[in-house]
Amino acid sequence: MKTIIFKNLLVTILIFLSLFFFGFKIWLTRYFGKVDFDLLLININFGLNGLLDTDEILIQKFFLICVLIPFFLTTISYFLLIRNRKSKLITIISPLVLILSIVYFLTEINFTKSTYYGEQSSFIEDNYIIPELKELNFKNKKSLILIYLESFEKDYLLNKNLDDSIISEINFDKNLSIDTPNFYETKFNDYTIGAIVSSHCGIPQKPVGIFNVRTNIKKDKDKKNYKEIFGMKKFLPNAICLGDILKHHGYKNIFINSGDLNFQEMNKFFLQHGYDTLIGKSFFAEKKIPKKSWSKNVNDSTLLNEAKKIIEKHINNDELFNITILTTDTHYPGFVDPNCQYKDIDDKQIYLSIYCTAKSVSDFIEQTFIKYPKKISIVVIGDHLNPKNQLNNNLDRFIFGKIFSDDTDNIERNRMTHYDLFPTILQLINLNYGNSLGLGKSFLDEKENSKYNMFFNTLKKDIGKKSEFYNEFWK
C-alpha cells in the first residue's frame, strides 16, 4: 500500500513539474521573448526582493500560467489516471514527459556565449579607463536631465504602422536636437537595469554568482560586500559611475520612476552611486491621480510633471542637478496614459502608448530645455530594444537616442553602445573626463570615431566572456 501511495505521489509531482515547465516557457515567450541564460543568472543575483517587486500583472500571470493551471490539470490527471492502479502507462511516460518539458523550456533559453562556461578574455582589462575623481574647477557646468524611455526604438519614427504626424512630435528640429549615432543593443544591455549600469558606469552588469559575489571570506571578515540569497548588499561597490562623479562636483542626483524601487535592486544601485533622492511607487501611492502604467502606478506624463517641479526648484536655488527619469508606459503590452489626447484613437494599445509617451516627452522638452538652454543638457534614449519586436522585423534595429544641448555640433560617428554614453554625457554638461571612460568612447570626438569600428566589433565579440578583472568591481 505504501509503495502505491509513494508511486502515485511521485507521478503526480512529475506531471505537475512537466506542466510547470510548459507554462514557464509560455510565460517567458509571451512577456520577454527570447531569454539569455546569463539574464536568468542575473535575475537570480537580484534575489527575491529584486524580483518580486515587479509589475503585479507579470506576477499574477506567472502564478496563473505556471502554478494554478498546472495544479488544476494535475488534479484532474490524478483523479482520472493516477489514482487508477491499472493505469500503468501514466507511470511509465510521466518521467519522459518531464524530460520533454524541460527540453522544450530550454529551447527558449539562449545558452550561446554564456559568461559561466565561456572562455576568458582580457578585453575589459585592456580597454577599461578608470574614472578618477578630479578636483579641477570645470567652467560653465550644466545640469543634466537623463531620460530612459522604456523599449523605445529609433524605428518608431519611420515605421509605417505608426502615424507619422503624431510620432514625429518627439523628432525635434535639427536646430534643437541632435540624433545619436546608430545605437546598438549589446549583450547585458537588453534589460533596464543593465542598460542603466552600462550607461552610468561604462561597464556591463554580468552575473556574479548565485549566492554571493565573494569567494574569499578571509579578505572581508564582516562580509559587508557579500550578496545575500535574498538580494545584493552592494551593487558594483568598486565602480565609479556617473552619479559618483556628479555628486563629487556638487550635483544633486535624483531618480524618478513609477515602479517599485526594489525591482532589480535599482534602489541599491542608485543610492550606492551618488544619488540623493529616489522617487518611486510609494511616493505616488497616496496621491489621487490616475495610475494606469506598467506597475499599476502613475503614467509617464505624471513622472515628467513631477520632474519639472524639481527642475524649477533647483534652478531657482541656483543648484546643479541631475534628474534621471525612467518611463514605463511603452513596456509590453503598452499602457495608455489617461491624460493623453491620443488615448481614444482606434489603434493598437502599444501604438497608443508610444504616441502618448512621445507627446509627453515633447511637451517636457519644450518646457525645460527651450526654457533653460544655457543651464541644462538633456539626453533622451531608449533603455533597450523592444524585446517583443512588435513593430520591426528588420535585422538592423536601433535604440532611440536624441541629445538636446545648445553647444554640441553634429555627430559624425555611425555607431554607439550604452557604454559610450558615460564619457559623452559628462562632456555634454562640461565635466570633461576625457574621450574614453570605462569602456565608453565619446561620440563627440573625431579622434575616437576614426578607430571606433574595430573596437566596436571586438566589444561585441568579447564582452560576454569571463573576466577576472571585471569581478573586482564586485569585491
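Student: Which residues of helix 13 are buried?

Tutor: They are Leu421, Phe422, Pro423, Thr424, Ile425, Leu426, Gln427 and Leu428. Note that this is a predicted model: local features need pLDDT of at least 70, side-chain atom pairs count only at pLDDT 80 or more, and totals for chains, interfaces and linings use all residues. Residues are numbered from 1 along each chain, and side-chain values use heavy atoms, without hydrogens and water.

Student: Why is helix 13 called largely enclosed by the rest of the structure?

Tutor: Buried means under 20% relative accessible area, with a 1.4 Å probe and protein chains only; exposed means over 50%, and partly exposed lies in between. In helix 13 (residues 421-428), 8 of the 8 residues are buried, so the helix is largely enclosed.

Student: What comes just after helix 13?

Tutor: Asn430, with a positive phi of about 65°.

Student: Why is Leu80 called exposed?

Tutor: Its relative accessible area is 62%. The cut-off for exposed is over 50%, so Leu80 is exposed. Leu80 lies in helix 3 (residues 56-82).

Student: How much of the chain is buried?

Tutor: Buried residues make up 55% of the 475 residues.

Student: What share of the contacts with a separation of 6 or more joins residues 24 or more positions apart?

Tutor: That share is 77%. Contact means heavy atoms within 4.5 Å.

Notes: Helix = DSSP H or I, 4+ residues; strand = E, 2+ residues; numbered from the N terminus.
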